[in-house]
Every structure is written in structure tokens, then in C-alpha cells.
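The sequence and structure come first.

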Amino acid sequence: MTSTPDAATDEARIRALIDQRSQALRRKDAQGVVAGSARDFVLYSLAPPLRDEGEGTGGLEAWFATWRGPIGYELRDLEVAAGGDVAFCHGLARLTGTKLDGETVDVWFRITLGLRRAAEGWTITHEHESVPFYMDGSLRAAVDLQP
């Protein structure tokens with residue numbers, strides 16, 4: 001995509017929105033996580049169901065309550081392409097922390113975001129998270145991969 005002053009501004013605004021969202025996730029701030037999401041936000045998360053309409057913060061608050069202490073969340077190699085009123089981002093995310101049962105989590109996964117320009121600025125309309133799975137017949141999630 002050609003870089004123009006407007007494209008550079010759009011990319012900076014999109015990265016700031018994603019950074020604010022990431023910070024809210026680390027703080028376990030459900031309202032902050034959804035603040036930049038569109039009303040018609042759709043989530044394809046690592047957790048069931050297959051499609052989540054992202055209504056409210058109840059699911060996030062319940063998930064946050066399963067963690068002891070802070071949640072580590074890092075984005076790496078985030079690419080942003082914006083043009084007109086839509087944008088697309090993809091990269092790798094790392095989730096770390098300790099669950100209430102003492103399980104230590106350290107998993108890398110793929111993340112893709114779709115955004116739309118709205119009157120109030122850029123909003124996230126779609127998020128897709130995934131991990132590959134081993135093609136050896138086990139259908140085991142490949143949660144041990146690292147970039």
C-alpha cells in the first residue's frame with residue numbers, strides 16, 4: 001500500500017487503539033478491552049463458541065477472574081494496512097500468566113483484526129485468533145510454537 005500522510009496518520013491511530021486495548025487486557029479491564037469495538041463486533045476467539053457476537057463484558061470479566069495476578073499480553077510483527085474506511089491488521093500475540101489453579105500459561109497465537117472508520121474514529125469490527133494444529137492425525141493444538 002502506498003504511504004501517504006493520511007495513511008501514516010490512520011496507521012498511527014489504529015496502532016494506538018490496539019495498544020490501548022492491549023493495555024486494558026493486561027489490567028483485566030473488560031470495559032477498556034471493548035471500548036474500541038464496533039457495536040456489530042464479531043469475535044472468532046480461541047475459546048468456544050465458534051462465533052461470538054461480543055455482547056457486553058460479562059464473558060471477559062468471568063475469564064479475567066480465572067487468572068491470578070496480571071495477564072501478560074504482547075503483540076509482535078503487527079502489520080497494518082488501511083485504505084479508505086477499512087483497515088486490516090495481522091500479527092502474533094503472546095498470552096502469559098498464572099491461572100487460579102496454578103497452571104502457568106505461555107502461548108503464542110495468530111491474531112487478525114478488521115477495522116472500520118466510524119464517526120468517532122477507527123473501531124474494531126472483527127477479531128480472529130487461532131493456533132495451528134498438528135497434521136499428524138492427533139488434531140492436537142500446536143500451542144508450543146514460538147516465533
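## Leucine 139

Leucine 139 is exposed, at 63% relative accessibility. Exposed means over 50% relative accessible area, buried under 20%, and partly exposed in between, with a 1.4 Å probe and protein chains only. The residue lies in the segment after strand 5 (121–130). Strands are DSSP runs of E with at least two residues, helices are runs of H or I with at least four, and both are numbered from the N terminus. Leucine 139 is not a glycine, yet its phi is positive, about 60°.

## Basis of the model

This is a predicted model: local features need pLDDT of at least 70, side-chain atom pairs count only at pLDDT 80 or more, and totals for chains, interfaces and linings use all residues. Residues are numbered from 1 along each chain as its sequence is written, and side-chain values use heavy atoms, without hydrogens and water.

## Lysine 28

Lysine 28 also has a positive phi, near 60°, and is not a glycine. It sits in the loop between helix 1 (5–27) and helix 2 (30–34).

## Aromatic cluster

There are 2 aromatic pairs. Rings of Phe, Tyr and Trp (its six-membered ring) pair if their centres lie within 6.5 Å; planes under 30 degrees apart are stacked, over 60 edge-to-face, the rest tilted. Tryptophan 63 and phenylalanine 64 form a tilted pair, 5.6 Å centre to centre with 45° between the planes. Tryptophan 63 and tryptophan 67 are edge-to-face, because their planes stand at 75°, with centres 5.4 Å apart.

Ring pairs link Trp63, Phe64 and Trp67 into a cluster. Tryptophan 63 is partly exposed at 30%. Phenylalanine 64 is buried at 4%, and tryptophan 67 is buried at 5%.
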